[in-house]
Amino acid sequence: MANADNYEASTRGGSADALAEFDEHDRGLIGRIHHILHQTPAIVPLIVLVVAVVIFGLLNPNFWRVSTLSLIFQQIGIVGILGCAQAIVILTAGIDLSVGAMAVLSSVLMGQFAFRYGIPPTFAIVLGLVCGAAMGAINGWLVSKMRIPPFIVTLGTWQIWLATNYIYSANETIRSQDIEAEAAALQFWGERFQLFGAQVTYGVVLLIVLVLIMAYVLRHTAWGRHVYAVGDDPEAAELAGVNRDRMLIQVYALAGLFCALAGWVMIGRFGSVSPSASTGVLGNIQAITAVVIGGISLFGGRGTIIGMFLGALIVGVFEMGLRMAGADAQWTYLLIGILIIAAVAVDQWIRKVSA
């Protein structure tokens with residue numbers, strides 16, 4: 001009898017192994033590719049980035065110079081930090097159209113606190129960061145507690161933050177030389193140091209450190225898993241004990257803090273504090289572009305911060321590469337537009353096959 005039971009068990013085990021082998025074989029090449037993309041969504045932007053760097057380097061060998069690559073990193077510094085803000089919001093199946101406006105308003109607040117009210121620059125910066133987090137928390141409260149769609153909420157607050165920015169500052173620009181003389185801390189992230197013969201700003205270091213920290217937090221902490229859970233299936237997340245409303249407020253508040261950091265980096269990058277900085281209008285689109293090209297699903301619950309970083313680099317590489325190749329600037333928009341549509345199409349295919 002025991003031998004019969006052992007035989008039955010071994011038969012079941014053999015059948016299971018055979019079935020698994022059959023499934024693996026039946027999956028085929030396309031199935032395996034889908035599985036890899038589902039597990040590692042950043043692999044597509046990584047391939048695109050490597051191919052782009054190789055092609056532009058072949059077109060112009062100067063593209064591979066360390067100084068050129070350093071310049072690309074400097075150009076994506078602000079967009080990359082805004083992308084971190086946009087990424088964590090989109091992972092919850094939301095969207096924040098006000099990230100650029102929050103960055104500009106935060107930079108204006110830092111400058112005005114220091115120059116209009118005579119607050120010590122370091123404390124003015126802290127207040128600006130707090131204000132950025134508060135603006136994000138307002139977005140999160142309206143989305144979670146009032147149940148207003150994120151698109152509508154942030155479309156409205158985008159206009160409110162921009163209007164507040166112009167009204168409060170009276171459209172006054174604080175000049176670079178004044179900041180350098182009286183509040184040099186505001187320009188900290190624009191300071192440079194030498195690395196392998198290239199000039200690198202502290203703003204680039206901040207972006208890389210921020211990406212690494214958020215990659216760890218999202219992948220290895222309970223808070224990060226809750227972010228993905230809320231974006232993937234909010235009802236299931238609540239049944240599992242996740243406080244959805246609190247998570248959304250925290251995510252949007254953190255996004256606001258990142259935007260304020262981007263505003264501080266803006267001062268260092270451009271030297272001055274300008275309420276009419278183009279980031280207020282274009283920052284939203286640039287951040288969403290980096291997120292989408294980086295493989296983060298607009299439907300929430302899938303993607304990585306590393307992918308967003310690669311997406312921002314792709315945009316920077318295309319802009320620099322086409323410029324060095326002497327191409328019309330409109331080609332950049334055309335190619336980026338194709339990449340956006342392709343990225344969303346791949347995400348839809350992955351979700352359809354997974355379902």
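Student: Which helix holds Thr332?
Tutor: Thr332 lies in helix H15, residues 330-354. Please keep in mind that this is a predicted model.

Student: Is Thr332 buried or exposed?
Tutor: Thr332 has a relative accessible area of 8%. The cut-off for buried is under 20%, so Thr332 is buried.

Student: And what is Thr332 in contact with, leaving aside neighbours within four places in sequence?
Tutor: With those neighbours set aside, Thr332 is in contact with Phe318, Glu319 and Leu322.

Student: Changing topic: which residues touch the most other members of the largest nonpolar core?
Tutor: That core has 89 residues, and the ones touching the most other members are Ile81, Leu82, Ile88, Leu218, Phe258, Ile305 and Met308. Helix H12, residues 244-270, gives the largest share of this core, with 14 residues.

Student: What does Ile81 contact, beyond its neighbours within four places in sequence?
Tutor: Ile81 is in contact with Leu206, Leu207, Leu210, Phe258, Leu261, Ala262 and Val265. There is also a second, separate core of five residues, which includes Ile95, Leu97, Val292 and Ala343.

Student: What comes just after H13?
Tutor: Gly295 is found there, with a positive phi of about 90°.

Student: How many disulfides does the whole structure have?
Tutor: A search of the whole structure finds zero disulfides. In general, a disulfide is a covalent bond between the sulfur atoms of two cysteines.

Student: Then are Cys84 and Cys259 buried or exposed?
Tutor: Cys84 counts as buried, at 0% relative accessibility. Cys259 is likewise buried, with a relative accessible area of 0%.

Student: One more topic: how do the axes of H5 and H7 cross?
Tutor: The axes of helix H5, residues 99-115, and helix H7, residues 150-169, come within 9 Å and cross at roughly 25°. Angles under 35 degrees count as roughly parallel, and H5 and H7 are therefore roughly parallel to each other. The crossing of H5 past H7 is left-handed.

Student: Which residues make that contact?
Tutor: On H5, they include Ala101, Leu105, Val108 and Phe113. On H7, Trp158, Trp161, Leu162 and Tyr168 are among them.

Terms used. Residues numbered from 1 in each chain as written. Predicted model: local features only at pLDDT ≥ 70, side-chain atom pairs only at ≥ 80, totals over all residues. Heavy atoms only, no water. Helix = DSSP H or I, 4+ residues; strand = E, 2+ residues; numbered from the N terminus. Disulfide = S-S within 2.5 Å. Buried < 20%, exposed > 50% of the residue type's maximum accessible area, 1.4 Å probe, protein only. Contact = heavy atoms within 4.5 Å. Core = buried A, V, L, I, M, F, W, Y, C linked by side-chain atoms within 4.5 Å. Axes fitted to C-alpha atoms, helices over the stretch in contact; angles between N-to-C directions. Parallel < 35°, antiparallel > 145°, perpendicular 65-115°, else oblique. Left-handed = near helix turned anticlockwise from the far one by under 90°.
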